Amino acid sequence: MEKKKAGFAVAARLCVFAATLAGVFLTDGTDRTWIIAAMLFCVLAAQKAWKQCAGFAVFYGILSLLLYLIRFHGLRMAAFSEFHVFLFWWLTPVFMAAWNLVSAPPGMLSAFFARVHAPTGAILGLLVIFRFFPTMRAELHGLRESMHNRGLTGPAQVLRRPGNTFEYILVPMLLRCLQISDQLAVSAAARGIDTPGPRHSYYEQKLRVRDILAAALYAGAILVFLLIGGVK
Amino acid sequence: MIELENVSFAYAGEEPCIHGVDLRVAAGECVVFIGRSGNGKTTLTRLINGLAPYYYEGTLSGKLRIGGTDLAEIPQWERAKQIGCVFQDPRSQFFSAELAGEVAFGCENLGFSVQEIRDRTDGVIRTMGLDALRNTPLDRLSSGEKQKVAIASARAAGPRIFTFDEPTANLDEESAGQLSETLAELKRQGHTLVVAEHRLSWLMELADRFLYVDGGRLVREFSPRELALLSAGEAARIGLRRPCKTEPPLLPAADCRTGAAAEARRVCCTVGRKTIFRDIDFSASPGEVVAVTGRNGTGKTTFAKILCGLRRESGGSVLFSGKRLPPGRRRERVFYSANDTNTQFFTPSVEEEVLLLLPRREKELERARETLRRLGLYEYRTRHPATLSGGQKQRLSLACGVLSGRELLIFDEPTSGLDGGNMKIISDMLKQEAENGKTVLVITHDAELMEACCTHIFQMGGYRPGR
């Protein structure tokens, strides 16, 4: 539990996400969204999410440098235009706020949704989605290795029969999706998922002062940003 | 505690698979269902934990009581409080990415208060010695640790009965030993344990009774002593694994010999800053079946993947017939069958699968038919590989390897979770392929398999003296 305490409550993260959406999409000065990004770096730092901070800093730094070189030094790239670079640069604050929200422990998210009386099916769906990506990543890795092993990834094979190659990936993945969802459903049934009545969570916690303060400060700063910078 | 009175069951749309079972299990007793695959062991555990017919629909007749109450009168969520379930593959039953969330999941569902959820979760984590794993993502745990988390998760809700469906299918010998200790602790605390299992040695100290299931009937009951006295021939005849712990046989070491068909010289593997293994010297020649063994985490699978070109070595060299080959070329010569067969098949039928990328000449077709017959898969040739049982998938993977025509065949734990009969089929096939001039490597902890077919041994993480 201790480690989770550094992170903000889901409600605060949701508030940060909503304010970020408003700031990024309503501002009249899209070039000034770096201010929102800077604020989000502070939000991540306040939660001691150093790894996320460093990752986004590198990503945002590279995009900023590319944008600077394109605009002021005439850099031209074969694959990406100024539009692509700007789009990613502009949307980085949204990615940061979204990542901050979805990186909350699944138990904490389910607890939040249980508290706001979301249906059990929706909460279960949320948990399955969170398990889905890491599970599928492992499955894809296994599938790729098996394809290498069976000789299904050679250029001749792929180019001569692209439809078959697509089928070799898609069909086993779909079947694994079905098998995994079936096994998860059995696991859920065996663990009382259909119990009627209220549902609580291990991670359930009341909003702390720091959560309210963080959400209020962030939302207030976005409001000031929009008031000063202008709204579309 | 558990009473089955003339219980019969048929899955929806299928023939009955359980016939007139009578069974009484006392509180605190440990009962183990044994027997060949596909004879009803798993179904019996599902009937006891209520998943059949609640989830696995079908027709149930007879009386099934838990603690004196007819199971049909207890809603499934109420059964979840009384009966904890642990399945074969813990990976596929996790809902959370981290320990506490996973252990708490059942308690959260059952409507316990926040404080009770925390007390139960933290209590079970502490009792089972899992505190050190709190901050480790579940995907990164070893198979044994994952199984322990699955048990903790079932235990947190406070059931008096536990059902285990082949809980050691994915575990090595050491992890199975640890699981045995966990179950022994549950038994000491008065829990009733019902286990369906092929591997028997880890249960010999624990079980009160072994019930032999054949054709959906309980046909014989063994005490641990009676089972231990069963001759090897009799055990094999009724499709059982050896009940007593089998020591790996003394075999010549497969260390480096110049001129062998496949050689690894001073091969190292590092991932980031972590050294998986270093300076591996190994060789194997046609006609040999080499058992690659060693504790979990010593890099057996990684080594196999390097040999077959699915991974690149960090240092040293891999040679075939004395020539150093890059990974891409190695893949043309080596077939690798992973332990997890779920992502290994690509076509809509068993027969298509074994013929994938092979010429469809009569000779190849006849060889494929013959291989499928020998592996007991011919009658399933039109079935989709995904619909096969675990043992059938293992055999299909073996068939694909045999028919691939490659010179080195590597099988990763091909007998995990298999009964004695299937183990024999696989060991015979490996022996046959070696006699046909193939070089066979088998990553295994299975001493019975080693005894049945291996000619050499390669111990990862430290050598043991060979003969």
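Reply: B:A291 has B:V442 in β18(B) as its bridge partner, and this pair belongs to a parallel pairing in which strand β13 (residues 289-293) of chain B meets β18(B) over four bridges. The model is a predicted one, and what follows should be read as a description of that prediction. β18(B) also pairs with strand β17 (residues 408-412) of chain B, again in the parallel sense, here over five bridges; within β18(B), the residue that B:D412 stands opposite is B:I443. Strands of a sheet pair through backbone hydrogen bonds, in either a parallel or an antiparallel sense.

Strand β18 itself, residues 439-443 of chain B, is mostly covered, with five of its five residues buried. B:T439, B:L441 and B:I443 point one way from the strand, while B:V440 and B:V442 point the other way. The residues on both sides of β18(B) are buried, including B:V442, the partner of B:A291, and B:I443, which faces B:D412.

Elsewhere in chain B, four strands form an open sheet in the order β12-β11-β14-β15, and there the pairing is antiparallel. Its edge strands are β12 (274-284) and β15 (323-324) of chain B, each of which pairs on one side only. Strand β14 (residues 315-320) of chain B is joined to β15(B) by two bridges, and B:L319 has B:R324 of β15(B) as its bridge partner.

The unreviewed UniProt entry, for its part, places the annotation "domain: ABC transporter" on residues 2-240 and 262-467 of chain B; over residues 2-240 the chain is 36% helix and 26% strand, and the end C-alpha atoms lie 25 Å apart.

Chain B also touches chain A, in a contact that takes 42 residues from chain A and 48 residues from chain B. The elements giving two or more residues to chain A's side are α5 (106-115), α6 (120-150) and α8 (162-190) of chain A, and α6(A) contributes the largest share, 13 residues. The residues on this side of chain A divide into 19 nonpolar, 13 polar and 10 charged.

Within chain A, an unreviewed UniProt entry gives the annotation "transmembrane region" to several spans, among them 85-102 and 212-231. Residues 85-102 of chain A are 100% helix, with end C-alpha atoms 24 Å apart, and residues 212-231 of chain A are 90% helix, with end C-alpha atoms 26 Å apart.

Technical notes: Residues numbered from 1 in each chain as written. Chains lettered and ligands numbered in written order. Predicted model: local features only at pLDDT ≥ 70, side-chain atom pairs only at ≥ 80, totals over all residues. UniProt positions renumbered as here; feature names shortened; annotations may be inferred. Contact = placed C-beta atoms within 7 Å. Nonpolar A, V, L, I, M, F, W, Y, C, P; charged D, E, K, R; others polar. Buried ≥ 20, exposed ≤ 12 C-beta atoms within 10 Å, placed from the backbone. Pairing = 2+ DSSP bridges.
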